[in-house]
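Biologist: I have a model open on the screen and would like to learn how to read it, one feature at a time. Could you take me through it with care?

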Amino acid sequence: MNSAMTAIVKKDLYEITANRRMLLTLLIVPLVLTVLLPVVFVLLIYFVPEEASDFQSLLALLPPQASSAGFERTASELVFNHILPVFFLIVPVMESSVMSASSFVGEKEKSTLETLLYSPLSLKQIFRAKVLASFLLSMAVSLLSFFLMLFVFETVVLLLSGGLILPGIEWLLIMLLVSPALSMIAITLIVRVSVKAQSVEDAQQGAVFLLLPVLALVIGQFAGVLLISAWILLGIGCLCALLAGLLMKKAMGRFGYEQFLKR
């Protein structure tokens, strides 16, 4: 990546972080999903009667040896290593939709797109710089949310049970493979849409369709229909990484300067 592309990445990141309203949008929703909800889950596990718990259908999917540690401990491990990782598939798509949707539309609204196109960069380089800026911010927020979630969740569990819960391999697959790949897919598609979109809202509509498969996984987890395992995550991650690479390579398609300047 040359210095001109780096300058575009830095400019986009600065514009997002300098916009207080947009920055709060980027931070509040992930913190609610990954910090507040996990604490609520733990409190429900320890203070709601075992017989009335909705976790029974999920616990039935676990191998017999996994339930030998007692209901509270087993349910906490189930939430931490099987349910919460799926939330980190939602976060990158939501973060991506906020920044990448305004990538080219924002330039049009501020009347700076023409200046950008006069830079010594090709359209493909400009596109990749926009994608990279959104990707870096999405991953930064995801990692921040993960470490905050880990600290708060482990602290609450330690206070209630006197022990910690070790992260499973599911977290490694989510944070290093599935989440980055899914984020790249969402960003590439939304940035491409933003080239022709007339407003940020138009560009963000595509993110809703990207969230539907992830929401289906979350619902399946809570309904006790499916328990996401490491092998399933590995398969999903490989498919998403392959699709992300293909989309990034083909994203520009037949776009020319006319499509970028069209209002």
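Biologist: Which elements of the protein chain have the lowest and the highest mean pLDDT?

Modeller: This is a predicted model, and pLDDT is the predictor's confidence in each residue, from 0 to 100. Among the elements of the protein chain, the lowest mean, 56, belongs to helix 11 (residues 257-261), while the highest, 87, belongs to helix 7 (residues 123-161). Over the protein chain the average pLDDT is 76, and 70% of the residues score at least 70.

Biologist: How many helices and how many strands does the secondary structure of the protein chain come to?

Modeller: The count is 11 helices and zero strands, so that, read from the N terminus on, the elements run α-α-α-α-α-α-α-α-α-α-α. Of the 263 residues of the protein chain, 48% count as buried. Turning to contacts between residues at least 6 apart in sequence, 84% of them join residues at least 24 apart.

Biologist: Let us turn to pairs of helices. At what angle do helix 1 and helix 2 pack?

Modeller: An angle of 65 to 115 degrees counts as roughly perpendicular. Helix 1 (residues 3-18) and helix 2 (residues 20-47) pack at about 90°, and their axes are 5 Å apart; the two helices are therefore roughly perpendicular to each other. On the side of helix 1 the contact is made by Ile16, Thr17 and Ala18, and on the side of helix 2 by Arg20, Met22, Leu23 and Leu26. By type, the residues of this contact divide into five nonpolar, one polar and one charged.

Biologist: And how are helix 2 and helix 7 placed, roughly parallel or roughly perpendicular to each other?

Modeller: Angles under 35 degrees count as roughly parallel. Helix 2 and helix 7 pack at an angle of about 20°, with 9 Å between their axes, and they are therefore roughly parallel to each other. The crossing in which helix 2 passes helix 7 is right-handed. Among the residues that meet here are Leu26, Leu31, Val35, Val39 and Phe47 in helix 2, and Leu137, Leu144, Leu148, Phe153 and Leu160 in helix 7. The residues of the contact of helix 2 with helix 7 divide into 21 nonpolar, three polar and no charged.

Biologist: What angle do helix 1 and helix 7 make where they pack?

Modeller: Helix 1 and helix 7 pack at about 45°, their axes being 9 Å apart, and that makes helix 1 oblique to helix 7. Helix 1 passes helix 7 in a right-handed crossing. The residues that meet include Met5, Ile8, Lys11, Asp12 and Ile16 in helix 1, together with Gln125, Arg128, Lys130, Leu132 and Leu137 in helix 7. The residues of the contact of helix 1 with helix 7 divide into 11 nonpolar, one polar and four charged.

Biologist: Now for single residues. Is Ser76 buried or exposed?

Modeller: Buried means under 20% relative accessible area. Ser76, which lies in helix 4 (residues 71-100), has 0% relative accessibility and therefore counts as buried. Leaving aside residues up to four places away in sequence, Ser76 touches Ile45, Tyr46, Phe153 and Ile165.

Biologist: Which residues does Ser142 touch?

Modeller: Ser142 is found in helix 7 and, at 1% relative accessibility, counts as buried. With residues up to four places away in sequence not counted, Ser142 touches Phe88, Val91, Pro92, Met175 and Ser179.

Biologist: Where is Arg128 placed, and what relative accessibility does Arg128 have?

Modeller: Arg128 is in helix 7, and its relative accessibility of 38% makes Arg128 partly exposed. Not counting residues up to four places away in sequence, Arg128 touches Met5 and Met248. Between Arg128 and Lys249 there are 121 residues of separation in sequence, whereas their C-alpha atoms are 9.9 Å apart in space.

Biologist: Lastly, where is Leu164 found?

Modeller: Leu164 is found in the loop between helix 7 and helix 8 (169-196), and it is partly exposed, with a relative accessible area of 47%. Once residues up to four places away in sequence are set aside, Leu164 touches Arg73, Glu154 and Leu158. Leu164 and Glu154 are 10 residues apart in sequence, and from C-alpha to C-alpha they are 5.9 Å apart in space.

Definitions and conventions. Residues numbered from 1 in each chain as written. Predicted model: local features only at pLDDT ≥ 70, side-chain atom pairs only at ≥ 80, totals over all residues. Heavy atoms only, no water. Axes fitted to C-alpha atoms, helices over the stretch in contact; angles between N-to-C directions. Helix = DSSP H or I, 4+ residues; strand = E, 2+ residues; numbered from the N terminus. Parallel < 35°, antiparallel > 145°, perpendicular 65-115°, else oblique. Contact = heavy atoms within 4.5 Å. Nonpolar A, V, L, I, M, F, W, Y, C, P; charged D, E, K, R; others polar. Left-handed = near helix turned anticlockwise from the far one by under 90°. Buried < 20%, exposed > 50% of the residue type's maximum accessible area, 1.4 Å probe, protein only.
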